[in-house]
Amino acid sequence: MTDCLVIIPTYNEIENIEAIVRAVFSLNKAFHVLIVDDNSPDGTSKKVMEMQNEFANSLFLEVRTEKSGLGTAYIHGFKWAIERKYDYIFEMDADFSHNPEDLPRLYRACLNGADVSVGSRYKKGVNVVDWPLYRVLLSYGASFYVKMITGMRVHDPTAGFVCYKRHVLETINLDSVRFVGYAFQIEMKFRAYLKNYHIEEISIIFRDRVKGKSKMNSAIINEAVVGVFMMKMRSLFQKSKF
């Protein structure tokens with residue numbers, strides 16, 4: 001048994017899924033893993049089902065009917081985790097851009113007092129490997145923009161490597177979260193920030209995926225740029241929804 005659940009959303013991650021699951025289960029600290037798969041046509045969910053024969057009590061799978069966005073996948077996973085009373089609930093990508101060996105560091109930060117711990121690319125300079133310069137500038141610029149608009153003093157607000165204590169997710173109205181792309185990460189941190197939860201950043205090294213295809217596109221970027229400003233306005237004029 002464990003009090004920790006790692007949620008990994010997937011869409012066409014057949015090249016990574018077995019390796020990332022085994023990497024999590026090889027850690028000294030025990031974690032359970034929930035895969036939320038958006039009906040990947042490449043057979044990702046079938047591979048997970050095969051692995052469940054080996055990891056019957058620690059690997060779980062939820063298959064949704066269609067590709068519905070990163071944010072809704074995590075919301076699905078959060079509700080699943082809350083219902084099963086996990087105390088520490090993690091977000092992590094399937095493509096090894098987040099190093100599973102950093103999971104215990106995020107856990108210890110929350111164990112030692114943080115309500116939310118964030119695997120941060122920008123707490124100590126720019127710790128990104130194998131990204132082209134334009135991606136680094138886009139991501140770092142987005143972080144600066146978010147800090148300026150929201151007032152959060154989080155160096156990496158778009159980070160997707162996060163640990164939440166269960167009580168944080170229980171007090172956020174998950175059904176009112178609007179963003180579905182990478183801006184979802186900003187909105188979740190912003191909602192925690194507005195509730196005065198302690199957000200602590202843990203410096204990590206972020207590596208670009210080696211296998212599989214990035215899900216980044218112009219619609220996701222537009223959601224972040226325009227959506228963050230609108231989110232801030234809603235937080236001022238529709239406080240009850242935050």
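**Charges over rings**

I looked up Arg-121 and found it over the face of Phe-206, 5.2 Å from the ring centre. For me, a charge sits over a ring if NZ of Lys or CZ of Arg is within 6 Å of the ring centre and within 35 degrees of the ring normal. Lys-29 lies over the face of Tyr-107, at 4.3 Å from the ring centre.

A note on what I am reading: this is a predicted model, where local features need pLDDT of at least 70 and side-chain atom pairs count only at pLDDT 80 or more, while totals for chains, interfaces and linings use all residues. Residues are numbered from 1 along each chain as its sequence is written, and side-chain values use heavy atoms, with hydrogens and water left out.

**Aromatic pairs**

How many aromatic pairs does a search of the whole structure find? I got eleven. Rings of Phe, Tyr and Trp (its six-membered ring) pair if their centres lie within 6.5 Å; planes under 30 degrees apart count as stacked, over 60 as edge-to-face and the rest as tilted.

I picked Tyr-74 and Phe-184, which are stacked because their ring centres are 6.0 Å apart and their planes are at 10 degrees. Tyr-74 belongs to helix 3 (residues 70-83) and Phe-184 to helix 7 (residues 183-194), so this pair links distant parts of the chain, 110 residues apart. Helices (H or I, at least four residues) and strands (E, at least two) are DSSP runs, numbered from the N terminus.

Buried means under 20% relative accessible area, exposed over 50%, and partly exposed in between (1.4 Å probe, protein chains only).

Next I checked Phe-78 and Tyr-164, an edge-to-face pair with 5.7 Å centre to centre and 70 degrees between the planes. Phe-78 lies in helix 3 and Tyr-164 in strand 7 (residues 162-165), so the pair ties together parts that are 86 residues apart in sequence. Phe-78 counts as buried at 0% relative accessibility, and Tyr-164 does too, at 0%. Ring pairs link Tyr-74, Phe-78, Tyr-164 and Phe-184 into a cluster.

**Helix 7**

I stayed with the helix that holds Phe-184. Ten of the twelve residues of helix 7 are buried, so I noted it as mostly covered; Phe-184, Met-188 and Phe-190 are among them. At 1.5 Å a residue, the twelve residues should span 16 Å, and the end C-alpha atoms are 16 Å apart, which agrees. That expected span is 1.5 Å times one less than the number of residues. Just after helix 7, Asn-196 takes a positive phi of about 65 degrees.

**The sheet**

In what order do the strands of the open sheet stand? I read 3-2-1-4-7-5-8, seven strands with mixed pairing. Two strands pair if DSSP finds at least two bridges between them. Strand 3 (59-63) and strand 8 (199-203) stand at the edges with a single partner strand each, so one side of each is left without a neighbour in the sheet. Neighbouring strands are turned by 20 degrees against each other on average, direction ignored. Axes here are lines fitted to C-alpha atoms, for helices over the stretch in contact, and angles run from 0 to 180 degrees between N-to-C directions.

Strand 2 (residues 32-37) pairs with strand 3 in the parallel sense over five bridges, and Asp-37 stands opposite Val-63 in strand 3. Helix 2 (residues 44-52) packs on the sheet, touching strand 1 (4-10), strand 2 and strand 3, and its direction makes about 150 degrees with that of strand 3. Ser-45 lies in helix 2 and is buried, with a relative accessible area of 10%. Leaving aside neighbours within four places in sequence, Ser-45 is in contact (heavy atoms within 4.5 Å) with Asp-37, Leu-61 and Val-63.

**Strand 5**

Five of the five residues of strand 5 (residues 116-120) are buried, so the strand is largely enclosed by the rest of the structure. I found Val-116, Val-118 and Ser-120 on one side and Ser-117 and Gly-119 on the other. In a regular strand the side chains alternate between the two faces of the sheet. Three bridges join strand 5 to strand 7, and these run antiparallel; Ser-117 has Cys-163 as its bridge partner there. With strand 8 the pairing is parallel, over five bridges, and Val-116 partners Ile-199.
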